[in-house]
Amino acid sequence: MKREDIERIAALIGDLKCKTQKEVEEARVRLLGKKGEITALFDEFRTVDKAQKAEFGKALNELKQKAASKIEELKGAIVDTGGSDAPKMDLSMPGDPLELGSRHPVSIVRQEIVDIFHKFGYDVAEGPEIEDDYHVFEALNFPPNHPARDMQDTFFVSAGHLNPILLRTHTSSVQVRTMEKMDVPIRVICPGRVFRNEAISARAHCIFHQVEGLYIDENVTFADLKQAILLFAREIFGPDTQIRMRPSYFPFTEPSAEVDVSCNICHGKGCNICKGTGWLEILGCGMVDPNVLEASGIDSKRYSGFAFGMGLERIAMLKWRVNDLRHYFENDMRFLREFSTAPEV
Ligand code: DAH
């Protein structure tokens, strides 16, 4: 027996590297198996001189010990699935972080508007996107030949009968459904998706979102409407916001108005967003027409109310100065990521 053999094997054990459990087992067999190198040295040990037995015996036992603990160490370091080349896995490592998405800007303003009106005592009401002519037009006092019923504007699901089925062109239909279902007093806000047969451009889309508001009780006046809109405008655009009302026409309200807010970008001086006027249009509103109340079984002599409707994309555009409506529908991550913490203007 030679000392160099023991040293050579000791060095080999020191350098031993394995990638898989299979390789560890092969190394164990090569060193400690029946025909292994260390086992062979033990066989040879029988022929060693008595004088050297103690020295070689100690060295051999140490070698065997070193090999056994190295094999154990390698075994413990490798987690694999039965001898494959699967990469080493450390189960104590923390997991990969989950990438959180952000809310869509339209959802952010929708929630903001709902929260504001909640504070004023309004509940949320919803209605179907696929509606009938009665709830979208007729009960809202649209004359039979009103152009809004025209194919140009409305997507019909099934036309040609008395009460055609269509995609709602505004959320005012939810007013009607609410008046049919609920008892007065009514205070609701109705957010939802609406559809119009429009060519898609920076300023128009065939799908967009509206929020409708409706308040019916005894003695509700235009002054109440004006106050509600003013409070709302100041909550959403800031405390210095001014409003102005321009006379307008909607079949379902009388009188009707369109509401502008003072431009929150140039503060009335005139810029390209407000087209130099200092004002931005945000919604339509008015006192609910008595015909509309009566159509849904509400006594128009006893009760009065106001209604208003606004486009969510438009409010979001004004709030965050988005210059193209199409951004809302393209799901471009670069656009959506800008709202991961909604910036205030
Ligand atoms: N429905 C109208 C539209 O889509 C918006 C609107 C205007 C709703 C006046 C109202 C209102 O409730 O009173 O253009």
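Guide: We begin with a definition: contact means heavy atoms within 4.5 Å. Helices (H or I, at least four residues) and strands (E, at least two) are DSSP runs, numbered from the N terminus. This is a predicted model, in which local features need pLDDT of at least 70, side-chain atom pairs count only at pLDDT 80 or more, and totals for chains, interfaces and linings use all residues. Residues are numbered from 1 along each chain as its sequence is written, and side-chain values use heavy atoms, with hydrogens and water left out.

Visitor: Against which elements do the buried residues of helix 7 pack?

Guide: Buried means under 20% relative accessible area, exposed over 50%, and partly exposed in between (1.4 Å probe, protein chains only). The buried residues of helix 7 pack against strand 2 (130–132), helix 6 (133–136), strand 5, strand 6, helix 9 (290–295) and strand 10. Helix 7 spans residues 172–181 and is mostly covered, with seven of its ten residues buried. Among them are Val 174, Gln 175 and Met 179.

Visitor: Is Gln 175 buried or exposed, and which residues does Gln 175 touch?

Guide: Gln 175 has a relative accessible area of 1% and is therefore buried. Beyond residues up to four places away in sequence, Gln 175 touches Leu 140, Glu 212, Gly 213, Leu 214 and Ala 307.

Visitor: Where is His 205, and what does its side chain reach?

Guide: His 205 lies in the loop between strand 5 and strand 6. His 205 counts as buried because its relative accessibility is 11%. Its side chain reaches the backbone nitrogen of Ile 207 at 3.3 Å. Leaving aside neighbours within four places in sequence, the contacts of His 205 include Arg 196, Leu 325 and Phe 329.

Visitor: At what angle do helix 5 and helix 10 pack?

Guide: Axes are lines fitted to C-alpha atoms, for helices over the stretch in contact, and angles run from 0 to 180 degrees between N-to-C directions. Angles under 35 degrees count as roughly parallel, over 145 as roughly antiparallel, 65 to 115 as roughly perpendicular and the rest as oblique. Helix 5 and helix 10 (residues 312–320) pack at about 100 degrees, with their axes 9 Å apart. The two helices, helix 5 and helix 10, are therefore roughly perpendicular to each other. Residues making the contact include Ile 108 and Ile 113 of helix 5, and Ile 315 and Trp 320 of helix 10.

Visitor: Where is Glu 258 placed, and with which side chain does Glu 258 make a polar contact?

Guide: Glu 258 is placed in strand 8 (residues 253–262) and is buried, because its relative accessible area is 19%. A polar contact is a pair of N or O atoms within 3.5 Å; within protein, one must be able to donate a hydrogen and the other to accept it, and residues adjacent in sequence count only if both atoms are side-chain atoms. The side chain of Glu 258 makes such a contact with the side chain of Ser 248 (3.3 Å).
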